[in-house]
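Good morning, colleagues. Please keep the sequence and the structure in view as I speak.

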Amino acid sequence: MAGSSQVIPVPLVFNAPRRGLPPRHLADLDEEGRKAAVKELGLPAFRADQIARQYYGRLVADPELMTDLPAAVREKIAESLFPKLLTTVRDISCDAGTTRKSLWKANDGTLLESVLMRYPDRATLCISSQAGCGMACPFCATGQAGLTRNLSTAEIVDQVRSAAAVMRDGQMGEPGRLSNVVFMGMGEPLANYKRVVAAVRRITEPAPNGLGLSQRNVTVSTVGLAPAIRKLADEGLSVTLAVSLHTPDDELRNTLVPVNNRWTVAEVLDAARYYADQTGRRVSIEYAMIRDVNDQPWRADLLGKKLHKALGSRVHVNLIPLNPTPGSEWDASPKPVEREFVRRVLAQGVSCTVRDTRGQEIAAACGQLAAQES
Ligand code: SAH
């Protein structure tokens, strides 16, 4: 294994959660676990399905509102399966009401955020997998603050349930449906692997086992934890993998994405190819365009070459104009530089587009999800 002989102080060592996880919630459990929990409460087995239909099907998280259950049952399950996980601290909208950032407080006071973006043809929720992040990427606001703790499976799933209810109830324009979920909020999803994979299953399984989104419409974005990418490839899921590459060369990537000191560009791209092989899915490459840092024509050429070699046509590059974080001297690349970069990547036979940036004036844009509340 590459890197096994190196001893490098990478952020993984900071990745030990400092706070505990919340009490067990229905959404932490799979079907079997749910049935066992209901049995433990001395309730008949059919209640397990009934409760799950309320949560995943009707998007109800408060047992008080589950009126098809007898009051005594509601009380029992409230205590043992529905601890209050996330409380709204604030909702802020922008982009003419099509972007909405939610700041949540977990039951231990931990803050986390999610962002709902409505487009003409879809609605995408950007969710957090950890409170804070241990990966320490210098251009990312979340990375600067460090990791507070992992989120539980239910804390991840409940961000999605809540947004699905907002869409259904027409709290953001006409009633609609939440169609897409991206793990591009706070945290490194593959550093909270088990809970994230369980959450993906809850988000995508049909009711009564889950929220029923299409796996293809779920994107897991990672700094490039190569072994975890390979493991994810073997889960039998067809979610989209996004790799935050940000530069094709190790020298610069060692500083932009410090975990590169552990798994190099070549190793990350190998793992991405394995993912594409196993799942048949095209891999997304995320590339924040930082003026005079990673936006040179030669880097575009090298990026295109390396990606084409590793993945052929099974890759798509998303350029993200850098969203400058407070106190940083870095800025987004000028538009002509961006256009030239796209042209050169395309010239290598690799598809490439510039991502539209939403939520900038409410600090809901990429890398800004570091709650300033305290
Ligand atoms: N830890 C995961 C997911 C969270 S960040 C990852 O790194 O992929 C989601 C995307 O936003 C990543 O590609 C990240 O590099 C990018 N990002 C972070 N800060 C940014 C910023 N200030 N401007 C533009 N993109 C940023």
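**Cavity, pockets and rings**

By class, the lining of the largest cavity consists of 17 nonpolar, 10 polar and 3 charged residues. In this count Ala, Val, Leu, Ile, Met, Phe, Trp, Tyr, Cys and Pro are nonpolar, Asp, Glu, Lys and Arg are charged, and the others, Gly among them, are polar. The model is predicted: local features need pLDDT of at least 70 and side-chain atom pairs count only at pLDDT 80 or more, whereas totals for chains, interfaces and linings use all residues. Residues are numbered from 1 along each chain as its sequence is written, and side-chain values use heavy atoms, with hydrogens and water left out.

Let me stay with the cavity. A search of the whole structure finds 1 cavity of 30 Å³ or more, and the volume of this largest cavity is about 510 Å³. Of its 30 lining residues, the closest to the centre are Phe139, Cys140, Ser244, His246 and Gly367. Helix H4 (141-145), E8, E10 and E11 are the elements that give two or more residues to this lining. On a 1 Å grid over the protein atoms alone, a cavity is a set of points where a 1.4 Å probe fits but cannot get out, a pocket is an open set with protein on both sides within 12 Å along at least five of seven lines, and lining residues have an atom within 4 Å of a point. Grid points are joined across faces, edges and corners, and a volume is the space filled by probe spheres set on the points. Helices (H or I, at least four residues) and strands (E, at least two) are DSSP runs, numbered from the N terminus.

The largest pocket holds about 810 Å³ of space. Its lining has 37 residues, and Arg122, Thr124, Val182, Met184 and Arg355 are the closest to its centre. Strand E11 supplies the largest share of this lining, 4 residues. By class, the lining divides into 16 nonpolar, 13 polar and 8 charged residues.

The second largest pocket has a volume of about 420 Å³. Among its 26 lining residues, Lys84, Leu86, Trp104, Arg161 and Ser162 are the closest to the centre. H5 gives the most to this lining, with 7 residues.

Finally, the rings. The structure holds 3 aromatic pairs (ring centres within 6.5 Å, using the six-membered ring of Trp; planes under 30 degrees apart are stacked, over 60 edge-to-face, the rest tilted). The rings of Tyr55 and Tyr56 have centres 5.0 Å apart and planes at 85°, so this pair is edge-to-face. Tyr55 is buried at 0% relative accessible area (buried is under 20%, exposed over 50%, partly exposed in between, with a 1.4 Å probe and protein chains only). The rings of Tyr55 and Phe82 have centres 6.2 Å apart and planes at 50°, so that pair is tilted. Tyr55, Tyr56 and Phe82 form one aromatic cluster.

The charged end of Arg122 sits over the ring of Tyr119, 4.1 Å from its centre, and the charged end of Arg358 sits over the ring of Tyr119 at 4.2 Å (NZ of Lys or CZ of Arg within 6 Å of the ring centre and within 35 degrees of the ring normal).
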